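Welcome! Please open the structure in your viewer and keep the selection tool at hand.

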Amino acid sequence: MAYKITDECISCGACESECKNEAISEAESIYVIDPDKCTECIGWFESSKCVEICPVDACVLDPEHKETHEQLLEKWRTLHPGETPTVT
Ligand code: SF4
Ligand code: SF4
């Protein structure tokens, strides 16, 4: 399940560089997560980096993008062809 950013976002930008999938970008008033690139950090880390760094808890799971662990890993492999995941 991809994460999304809520209106609580204060646009501090801290999460953008934390995402190794480059799924986070600045939008008009808040930062946003591209669900096609968010793997819940599966493939890289044991935990979700944007969630950990956000000072206002604005990164939450998006129930509209339900995915299995296997689907998230497959997304990671598509995003990083030829690379080996550090966390599966
Ligand atoms: S959970 Fe991980 S992959 Fe998804 S947006 Fe946050 S930092 Fe990026
Ligand atoms: S870390 Fe949190 S408050 Fe800062 S830009 Fe990201 S979602 Fe917004």
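This is a predicted model: local features need pLDDT of at least 70, side-chain atom pairs count only at pLDDT 80 or more; totals for chains, interfaces and linings use all residues.

**Stop one: the ligand.** Select ligand 1, which sits in the largest cavity. Now show the residues around ligand 1: Tyr3, Cys19, Asn21, Ile24, Ile33, Cys38, Thr39, Glu40, Cys41, Ser48 and Cys50. Sorted by class, this shell has seven nonpolar residues, three polar and one charged.

**Stop two: two rings.** Next, select Trp44 and Trp76; the model has one aromatic pair, and these two residues form it. Their ring centres are 5.2 Å apart and their planes stand at 75 degrees; planes over 60 degrees apart count as edge-to-face, so this pair is edge-to-face. Trp44 belongs to the loop between β3 (31-33) and α1 (49-53), while Trp76 is in helix α2 (residues 69-79), so the pair ties together parts that are 32 residues apart in sequence. Are these two residues, Trp44 and Trp76, buried or exposed? Both are buried.

**Stop three: charges over rings.** Then pick Lys49 and Phe45: here the charged end of Lys49 sits over the ring of Phe45, 4.8 Å from the ring's centre.

**Last stop: a loop residue.** Finally, select Glu46, found in the loop between β3 and α1. Its relative accessible area is 75%, so Glu46 is exposed.

Technical notes
Residues are numbered from 1 along each chain as its sequence is written. Chains are lettered from A and ligands numbered from 1 in the order in which they are written. Side-chain values use heavy atoms; hydrogens and water are left out. A residue is near a molecule or strand if one of its heavy atoms lies within 4 Å of it. On a 1 Å grid over the protein atoms alone, a cavity is a set of points where a 1.4 Å probe fits but cannot get out, and a pocket is an open set with protein on both sides within 12 Å along at least five of seven lines; lining residues have an atom within 4 Å of a point. A molecule sits in a cavity or pocket if more than half of its atoms lie within 2 Å of its grid points. Ala, Val, Leu, Ile, Met, Phe, Trp, Tyr, Cys and Pro count as nonpolar, Asp, Glu, Lys and Arg as charged, and the others, Gly among them, as polar. Rings of Phe, Tyr and Trp (its six-membered ring) pair if their centres lie within 6.5 Å; planes under 30 degrees apart count as stacked, over 60 as edge-to-face and the rest as tilted. Helices (H or I, at least four residues) and strands (E, at least two) are DSSP runs, numbered from the N terminus. Buried means under 20% relative accessible area, exposed over 50%, partly exposed in between (1.4 Å probe, protein chains only). A charge sits over a ring if NZ of Lys or CZ of Arg is within 6 Å of the ring centre and within 35 degrees of the ring normal.
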